[in-house]
Amino acid sequence: MLAFLIRRLFEAALVMIVVAIVAFTLFRFVGDPVSQMVSQDATIAQREALKAELGLNDPLIVQCAHFIWKSLHFDFGISYKFREPVVNLLGQRMPATLELAAIASLFAIGIGIPLGVYTGINRDSLLTRVIMAGSLIGVSLPTFLIGILLIYLFAVTLHWLPSYGRGETTSFFGLWQTGLLTSGGLRALVLPAVTLGLFQLTLVMRLVRSEMMEVLRTDYIRFGRARGLTNRAIYFAHALKNTLVPVITVIGVEIGTLIAFSIITETVFQWPGMGLLFIQSVQFADIPIMAAYLLLSAVIFVTLNLVVDILYMLIDPRIRVAVRA
Amino acid sequence: MVDSLIKAPRSRLMLRLDAIRDSHLFYSFTRSWIVMVAAFFALLIVAAAALAPLIAPSNPLDLASLDLMNARIPPRWLENGDPQFLLGTDDQGRDLLSALLYGAQVSIGVALLSTVLAILIGVTVGLIAGYYGGIIDTVIMRLTDVQLTFPAILTALLVNGATRAILGDRQIQGSEFWILVVSIALAFWVKYARVVRASTLQERNKDYVHAARLIGVKSWKIIVHHILPNVLGPVTIIGTISLALAIITEATLSFLGVGLPPSHPSLGTLVQVGNEFLMSGEWWIVFFPGIVLAGLALSVNIVGDWLRDALNPKLR
């Protein structure tokens, strides 16, 4: 168990180092830190002075180490476009993205698992066919089209929900702007969360369905029926429980994807989160923000993968035994 | 009587067609009407897009022919529709049908080229990693691990942004198409590399490879002539399914404003432009490109799924 943990931590660190080197290359060679920081008519001497001050004359390995050290202290440089420290920009926008991703994954899990269980048990019912056909469409439709469709239906035609922005937000100790406490904020959250979560919903549903169908074929389910257990006990206490291992893995990894796909959803709904900031940085070639976003998402993905692997072992005793052996 | 029982000798082409008709693949194709409809729809759009310069009523790239007086005309069958514009016009007075045909051409072009490029990169890397093994293999596989941690769309965006930063605003103009192709290809090559590497590892230790090596065939010749044909099977399946993903990715990047410029129609830019007029009730500008995009992605997906199941020996 401990050996496994150490090996996984080592692998995670390796991934982070590679990503940090890529981010450094972006920061140092693709963007030009000097010309972005001095005014147009700066003399060559001024440029050289700034270059020396920023440590750009040091050996590359030193510069890279310096970059990683600064990143570890949340110093990602200054945005070319906004002329503000990148960490402040990301910090302001992070709550919006995290709230959106959290609600979207709740939506995906809360609806995906029941639908998966239903379609797994009633394999050939009419409703199952309708749901499965719908899920294929859900997988094929690009996220932004789903968003536009929902806006047209619920905002433009029915006027039920707002079509863009976060609505009212309240501040938590000045650190966290939340939209979860006001009705306006919650209403604004519905369409983006559904848009973002729909793909994950279909994924979770299809996975639970196929796992359920597999588990229901096993001997211990048949034995459960022979013992005269109720359907409910068989389906939920015995079958569903055993489908959860792969489901948790997929959900864990997919939360990372959710954060990446929030770029699209945030653009459609003009949601003031990190994704919108990132897409603006790509449009304006604002390298410091891109590098910081790359590092940040790497941290999130690597952590999620790690947590999923550990959870996996905690939940499923079979894996624990296999690792020990 | 006897004559009719003896079949006339068949030409080589006819034998080919017979072979296709008798194959398992064709049989399973005719079993599912959904797959047939999807394949027909996809082919229809591809054909229409390829023939765009011949069948489109006007050329949307020819700015001189545009007239702002024609802007935002609804489809022909609606009130205020103009018989000249079957599906209506957008905000610049472009005929939507023409823009759609040319746009589909660009979208399909980007998707095809980027998938081919991704396959080229992935297969080459996979063959090298699998055949030579050792430290090369370890390094390459670790790097693919890192890239797989990130969703493809994020990789595409990062490559896109970095290219923009390197080229600068002025040089980007005109090369957006190729930037798109490269960023999508670099986002998707990993899948091919891993699949090809896995099959190469198996093929490498088979007798025919040992025999070739014994009689002194050069490594690259063994790789290209002997191993390559044997590892391409899964690549075609992944390629078909990724094609739908590539279409969606192109549209997404263009929609996000980092693909093609709005003056140059692709399915994504058309949706992006149309989205701005949704609020004012001009739904057709976004509706038709959206429907074509969704239909194309869905039908390619269906065909890809079917191909995977039909070619999977375990499911037969």
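Me: Which helix gives the most to the nonpolar patch?

Reply: Helix α7(B) gives the most, with 4 residues. Helices are DSSP runs of H or I with at least four residues, strands are DSSP runs of E with at least two, and both are numbered from the N terminus. Both α6 and α7 (134–149) of chain B supply at least two residues each to the patch. The structure is a predicted model, in which local features need pLDDT of at least 70 and side-chain atom pairs count only at pLDDT 80 or more, whereas totals for chains, interfaces and linings use all residues. Residues are numbered from 1 along each chain as its sequence is written, chains are lettered from A and ligands numbered from 1 in the order in which they are written, and side-chain values use heavy atoms, with hydrogens and water left out.

Me: What makes a group of residues a nonpolar patch?

Reply: Its members must have over 30% relative accessible area and no salt bridge, and their nonpolar side chains (Val, Leu, Ile, Met, Phe, Trp, Tyr) must be joined within 5 Å; in patches of like charges the limit is 9 Å. Here the members are Ile128(B), Tyr132(B), Ile135(B), Ile136(B), Val139(B) and Leu143(B), with about 550 Å² of accessible area together. Accessible areas come from the Shrake-Rupley method with a 1.4 Å probe, and for residues only the protein chains shown count as cover.

Me: Why is Ile135(B) called exposed?

Reply: Ile135(B), located in helix α7 of chain B, has a relative accessible area of 65%. Exposed means over 50%, buried means under 20%, and partly exposed lies in between (1.4 Å probe, protein chains only). The value of 65% is over 50%, and therefore Ile135(B) is exposed.

Me: Why is Glu176(B) called buried?

Reply: Glu176(B) has a relative accessible area of 14%, which is under 20%, so the word buried applies. This residue belongs to helix α9 (residues 176–204) of chain B. Apart from neighbours within four places in sequence, Glu176(B) contacts Gly259(B), Leu260(B) and Pro261(B), where contact means heavy atoms within 4.5 Å.

Me: How do you know that Asp137(B) and Arg197(B) form a salt bridge?

Reply: A salt bridge requires a side-chain nitrogen of Lys or Arg within 4 Å of a carboxyl oxygen of Asp or Glu. The closest N and O atoms of Asp137(B) and Arg197(B) are 2.7 Å apart, so the pair meets this limit. Asp137(B) is in helix α7 of chain B and Arg197(B) in helix α9 of chain B, so the pair ties together parts that are 60 residues apart in sequence. Asp137(B) is buried, with a relative accessible area of 9%.

Me: Why are Arg142(B) and Asp145(B) separated by about one helical turn?

Reply: They are separated by about one turn because they stand 3 residues apart in helix α7 of chain B. An α-helix has 3.6 residues a turn, so residues three or four places apart point the same way. The side chains of Arg142(B) and Asp145(B) form a salt bridge at 3.8 Å, N to O. Arg142(B), at 35% relative accessibility, is partly exposed, and Asp145(B), at 28%, is partly exposed as well.

Me: What makes a set of residues a nonpolar core?

Reply: The set consists of buried Ala, Val, Leu, Ile, Met, Phe, Trp, Tyr and Cys residues joined through side-chain atoms within 4.5 Å. The largest such core has 125 residues, and Phe144(A), Phe278(A) and Leu157(B) have the most contacts inside it. Helix α6 (residues 96–132) of chain B gives the most to this core, with 14 residues. A second, separate core of 14 residues includes Val204(A) and Ile221(A).

Me: How do you know that helix α12 (residues 267–275) of chain B is mostly covered?

Reply: Of its 9 residues, 8 are buried, among them Leu267(B), Val271(B) and Asn275(B). The buried residues pack against α7 (143–157) of chain A together with α6, α11 (219–255) and α13 (284–311) of chain B.

Me: How much area do chain A and chain B bury between them?

Reply: They bury about 3200 Å², with 84% of it on carbon and sulfur atoms; buried area is the accessible area (1.4 Å probe) that two parts lose on being put together, summed over both. In chain A, Ser140(A), Phe144(A) and Ile148(A) lose the most area to chain B, together 17% of what that side buries. The contact takes 40 residues from chain A and 37 residues from chain B.
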